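The sequence and the model are shown below.

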Amino acid sequence: MLKDIFLFWGSLFGYDHTAIYIFHFLLVVAITMFIAVVVTKSMRLVPRGLQNIIEAYLSGVIALGKDAMGSEKLARKYMPLIATIGFIVFLSNIIGLIPGFEAPTASLNLTLSLTLCVFFYYHFEGIREKGFIKYFAGFCGPVKAIAPFMFVIEVISHLSRIISLSFRLFGNIKGDDLFLLVMLTLAPVLVPMIPYALLSFMAILQAFIFMVLSYVYLAGAVVVDEEH
């Protein structure tokens, strides 16, 4: 059956998609931890091999954070969180391109969970850096007459980030999975190269967007606006 090809572990879980997504997410976590152990086990002053790739990735994340937050110090401070999320999202995206596996990020449960981690963390950091009153006072804007309206708008804006960030990733990866399924069904021999290249690019792009937006939200929470 066709679903046996794409749901490699379906026979074990009775094609329960939730269980299948959980299994693949745990697989992604295991791969991430394995890579971390291998890279840090025998680190060299002059990196090579896998260490070189990971260090280049972390340098890119720091550069990304510096552009978003305007400070390399802050970029380095939040790099562990952003780099880990980016790595998890990328692996979760790319594993769905392997026949017999499903992308964990094609499940709203994972994308929503990652989004909530970022959402609560940047509010926590904002309160810790500025204080509870000063942080939420920033939601009111500079004009006191319309402060209550601005506060409501800001609250809605922040809550909408949960929907936009989680549904963007979920929708794109779910669409990619369905596209690949259709293409492999129609032309399993001729199709691989171009769709796989396109979907690999999309997997990288979606991880990049998630990291950028996470850094931007953190910047909005902890960076002090000098004009005010």
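Predicted model: local features only at pLDDT ≥ 70, side-chain atom pairs only at ≥ 80, totals over all residues.

Phe132, Tyr135, Phe136, Phe139 and Phe151 together form one aromatic cluster.

## Aromatic pairs

A search of the whole structure finds 11 aromatic pairs. In one of them, the rings of Tyr57 and Phe87 have their centres 5.9 Å apart and their planes at 55°, so the pair is tilted. Tyr57 belongs to helix H4 and Phe87 to helix H5, so this pair ties together parts that are 30 residues apart in sequence. Tyr57 is partly exposed, with a relative accessible area of 23%, whereas Phe87 is buried, with a value of 16%.

A further pair is found within the aromatic cluster, to which both Phe139 and Phe151 belong. The ring centres of Phe139 and Phe151 are 6.0 Å apart and the ring planes lie at 40°, so this pair is also tilted. Phe139 is in the loop between helix H7 (132–137) and helix H8 (147–186), while Phe151 is in helix H8, and the pair links these distant parts of the chain, 12 residues apart. Phe139 is buried, with a relative accessible area of 7%, and Phe151 is partly exposed, at 32%.

## Overall organisation

The secondary structure of the protein comes to nine helices and zero strands. Along the sequence, the pattern is accordingly written α-α-α-α-α-α-α-α-α. The protein has 228 residues, of which 36% count as buried. Among contacts between residues at least 6 apart in sequence, 69% join residues at least 24 apart.

## Packing of the helices

| Helix pair | Axis separation | Angle |
|---|---|---|
| H3 and H4 | within 9 Å | roughly 110° |
| H4 and H5 | 8 Å | about 125° |
| H5 and H6 | within 12 Å | roughly 170° |

The axes of H3 and H4 cross at roughly 110°. That angle makes H3 roughly perpendicular to H4. The contact is made by Ile35, Val38 and Val39 of H3 together with Leu50, Gln51 and Ile54 of H4. By class, these residues of H3 and H4 divide into five nonpolar, one polar and no charged.

Helix H4 covers residues 50–69 and helix H5 residues 72–94. H4 and H5 pack at an angle of about 125°, and they are therefore oblique to each other. Their crossing is right-handed. On the H4 side, the contact is made by Ile54, Tyr57, Leu58, Val61, Ile62, Gly65, Lys66 and Met69. These residues meet Glu72, Leu74, Ala75, Arg76, Tyr78, Met79, Ile82, Ala83, Gly86 and Phe87 in H5. The contact of H4 with H5 has 13 nonpolar, two polar and three charged residues.

The axes of H5 and H6 come within 12 Å and cross at roughly 170°. H5 and H6 are therefore roughly antiparallel to each other. Lys77, Tyr78, Leu81, Ile85, Val89 and Ser92 of H5 make the contact with Leu110, Leu114, Val118, Tyr121, Glu125, Arg128 and Glu129 of H6. The residues of this contact comprise eight nonpolar, one polar and four charged.

## Two individual residues

With which residues is Thr32 in contact, leaving aside its neighbours within four places in sequence? They are Phe87, Ile88 and Leu91. Thr32 lies in helix H3, which spans residues 17–41. Thr32 is buried, with a relative accessible area of 16%. Phe87, one of the residues that Thr32 contacts, is also a member of the aromatic pair with Tyr57.

Leu116 is found in helix H6, which spans residues 108–130. Leu116 is partly exposed, with a relative accessible area of 29%. How many residues apart in sequence are Leu116 and Leu165? They are 49 residues apart in sequence, and the distance between them in space, from C-alpha to C-alpha, is 9.6 Å.

Methods: Residues numbered from 1 in each chain as written. Heavy atoms only, no water. Axes fitted to C-alpha atoms, helices over the stretch in contact; angles between N-to-C directions. Helix = DSSP H or I, 4+ residues; strand = E, 2+ residues; numbered from the N terminus. Parallel < 35°, antiparallel > 145°, perpendicular 65-115°, else oblique. Left-handed = near helix turned anticlockwise from the far one by under 90°. Contact = heavy atoms within 4.5 Å. Nonpolar A, V, L, I, M, F, W, Y, C, P; charged D, E, K, R; others polar. Phe/Tyr/Trp six-rings, centres within 6.5 Å; stacked < 30°, edge-to-face > 60°. Buried < 20%, exposed > 50% of the residue type's maximum accessible area, 1.4 Å probe, protein only.
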